[in-house]
Amino acid sequence: MSHDFEATLFDKTFRGSFGDVAFYRRRCRGASSVLELGCGTGRLMLPLAKAGHEVLGIDLDPVVVERGNQKLAELEEQVRSRTSFHLGDMRDFSLGRTVDRILIPYCTFYLLTSDDECLACLERCREHLAPGGQLLLDGFHAWKMRGRQDTIEVPEEQRGDGPIEGRRVQMYASATWDCPKQRYDLRFRYTAELEDGQSETRTEVLRLRYLFQPQIESLLERAGMRAAQWFGGFDERPFDDQSRTIAVVAVAL
Ligand SMILES: C[S@@+](CC[C@H](N)C(=O)[O-])C[C@H]1O[C@@H](n2cnc3c(N)ncnc32)[C@H](O)[C@@H]1O
């Protein structure tokens, strides 16, 4: 599969959470500079740049960074000049400057699967926050899994069906919850029809370690930060035990 094809699959798979773009736009108001970690192809970065912020993004995957730069090239010069994609690792980056907001949206923090990795990332965030700056991150809140000691298999179901580069592509997803380990493995299977009627299959696994509020709070504190606000949804409803989303605004201690 070509880079373009892979990047399109990425955009069709990771379409965001309902309301998250508006949430991050609101929470970035008044900020001059914004850094997004695990920025993908710019789903959030580009609306923020269009809203007038200087926006930097870091991502580990060269294919998505390339697609981000392609999307950027289509925008007007003023937006392009304040936006940049960087290939890098959120556990180990150094930009040589500080920013007013750091965002780790859409469960991307859960891709760090140990406390050490989370701390490495949060410590880099702390170093890159300007005075008065804020770190914001969100993920799903797996409250129904709390305290369970079993493993749950979620059977495969179809998630999408549409053309990419003129080929019919079907997307399926299945998952495993490993409750004692707080692990959620999300498996994607894509089938793309070829011209001769055969099909090509590709699979991807997203390995997540989900966190609960006290764990995020403790990691922030260990990295020299504190949670200033918790939300249970992108409409900024208060966080509670049964919220489906957990979003935190953190500041340096
Ligand atoms: C779920 S996608 C989210 C993309 C984007 N933030 C959004 O909200 O649409 C997670 C992204 O994190 C990137 N990623 C995973 N591990 C990373 C790491 N250690 N450092 C930087 N980026 C990483 C992946 O390549 C992917 O683009």
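Hi everyone, thanks for coming. Two bits of housekeeping to begin. Residue numbers start from 1 along each chain as its sequence is written. Because the model is predicted, local features need pLDDT of at least 70 and side-chain atom pairs count only at pLDDT 80 or more, while totals for chains, interfaces and linings use all residues.

Let's start with the domains. The bounds come from an automatic or database domain assignment. That assignment gives domain 1 as 3-142 + 211-252, and domain 2 as 145-209. Taken over C-alpha atoms, the centres of domain 1 and domain 2 are 24 Å apart.

Now for the core. I'll call a residue buried if 20 or more other C-beta atoms lie within 10 Å of its own, exposed if 12 or fewer, and partly exposed in between, again with C-beta atoms placed from the backbone. A nonpolar core is then a set of buried Ala, Val, Leu, Ile, Met, Phe, Trp, Tyr and Cys residues joined through C-beta atoms within 7 Å. The largest one here has 52 residues, and L48, I102 and L135 touch the most other members. Each of domain 1 and domain 2 gives this core at least three residues. As a general point, nonpolar side chains tend to be buried together in soluble globular proteins. If you click on L135, its contacts, leaving aside neighbours within four places in sequence, are I102, C125, L129, M225 and A250.

On to two helices. Helices (H or I, at least four residues) and strands (E, at least two) are DSSP runs, numbered from the N terminus. Helix α4, residues 62-73, has 12 residues and reaches 16 Å from first C-alpha to last, close to the 16 Å expected. The expected span is 1.5 Å times one less than the number of residues.

Which residues of α4 are buried? They are V64, V65, R67, G68 and L72. Looking down the axis of α4, these fall within an arc of 160°, so they line one face of the helix. The arc is that of the directions from the helix axis to the C-beta atoms. Turned away from this buried side are the exposed residues P62 and A73. The buried residues of α4 pack against α1 (3-13), β2 (54-59), α5 (77-81) and β3 (83-87).

Beyond neighbours within four places in sequence, A120 is in contact with R91 and D92.

Lastly, some loop residues. Most residues other than glycine have a negative phi. Y106, which is not a glycine, has a positive phi of about 60°. Y106 lies in the loop between β4 and α6 and is buried, with 22 other C-beta atoms within 10 Å. E165 has a positive phi too, near 50°. Is E165 buried or exposed? E165 is exposed, with 11 other C-beta atoms within 10 Å, and lies in the loop between β6 (151-164) and β7 (167-178).

My last stop is G224, in the loop between α7 and β10. G224 and L135 are 89 residues apart in sequence and 12 Å apart in space, C-alpha to C-alpha. Setting aside neighbours within four places in sequence, the contacts of G224 are R126, A252 and L253.

That's it from me, happy to chat!

Terms used. Contact = placed C-beta atoms within 7 Å.
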